[in-house]
Amino acid sequence: MKDAFGIPQSLLVLGGTSEIALATARRLIARRTRTVWLAGRASPQLDLAAEALRTQGAEVRTVDFDALDPESHAEVLGKVFAEGDIDMTLLAFGVLGDQAHDEADPPAAVRVAQTNYTGAVSAGLVCAAAMQTQGHGSLVVLSSVAGERARRANFIYGSSKAGLDAFAQGLGDAMYGTGVHVMVVRPGFVRTRMTAGREETPLATTPEAVAAAVELGLRRRSETVWVPGALRVAMSLLRHLPRPLFRRLPV
């Protein structure tokens with residue numbers, strides 16, 4: 001069960017090698033979390049991530065999970081919840097894709113959409129239902145400011161995150177009053193392996209900063225978290241900017 005300040009004892013990470021997710025897990029373990037499940041495709045990287053968290057004193061287990069295989073999600077994730085209550089699920093998997101390449105390769109673009117949106121819909125519904133059955137839990141969904149308004153430079157990725165964001169908000173409304181808390185996290189540009197070599201946008205941040213924002217959001221039981229917070233105002237302005245002017249921006 002979560003303590004009075006919202007810190008979970010048990011954590012399920014969907015996307016077990018995500019740098020943001022692992023930074024969040026480390027921060028929560030330092031506070032209170034004692035049991036962690038890392039779900040992702042079996043790989044040496046997943047095993048190394050689990051071992052690194054064990055050195056902090058947590059019991060860590062891995063589970064073979066594929067976002068692109070939604071037919072398996074109910075069985076795979078159901079086994080995790082059958083082992084005991086999960087106080088928090090962090091939905092952190094996703095791919096950035098390559099906009100220029102993916103525009104010319106529709107199947108590649110579809111893979112981005114299937115990973116970031118379709119896979120998340122499936123896994124999110126499975127976990128939310130399991131938490132509703134146990135009567136409590138937080139589902140934290142890593143969205144992106146890219147979903148606020150599609151940009152020419154990354155509209156395939158941005159559209160997938162827009163769908164994810166809308167889904168998570170709706171799921172939060174559906175879960176309201178059930179004991180299940182859904183929190184949408186909207187980071188801007190995060191310095192990770194996934195963004196290495198790409199030009200940073202203003203207000204760039206780090207996995208550790210996102211992790212700190214997640215913890216604060218849990219304590220406040222927030223429904224939406226912006227990282228950094230200044231992006232909330234910036235994106236509100238961009239979202240309402242007339243389209244002819246928006247097209248002229250170097251974004």
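Helix H1 (residues 19–31) lies across E1, E2, strand E4 (88–91) and strand E5 (137–142), at about 155° to E4. Helices (H or I, at least four residues) and strands (E, at least two) are DSSP runs numbered from the N terminus; angles run from 0 to 180 degrees between N-to-C directions, with axes fitted as lines to C-alpha atoms, for helices over the stretch in contact. This is a predicted model, in which local features need pLDDT of at least 70 and side-chain atom pairs count only at pLDDT 80 or more, while totals for chains, interfaces and linings use all residues. Residues are numbered from 1 along each chain as its sequence is written, and side-chain values use heavy atoms, with hydrogens and water left out.

**Sheet**
- The open sheet has 7 strands in the order E3-E2-E1-E4-E5-E6-E7, with parallel pairing; two strands pair if DSSP finds at least two bridges between them.
- Strand E3 (59–64) and strand E7 (224–227) each have a single partner strand, so one side of each lacks a neighbour in the sheet.
- From one strand to the next, the twist averages 15°.
- Strands E1 (residues 10–14) and E2 (residues 35–40) run parallel and are joined by 5 bridges.
- Leu14 stands opposite Ala39 in E2.

**Glu223**
- Glu223 lies in the loop between H7 and E7.
- Its relative accessibility is 49%, so Glu223 counts as partly exposed (between buried, under 20%, and exposed, over 50%, with a 1.4 Å probe and protein chains only).
- Beyond residues up to four places away in sequence, Glu223 touches His181, Val182, Met183 and Val184.
- A distance of 28 Å separates the C-alpha atoms of Glu223 and Arg193, which are 30 residues apart along the chain.

Terms used: Contact = heavy atoms within 4.5 Å.
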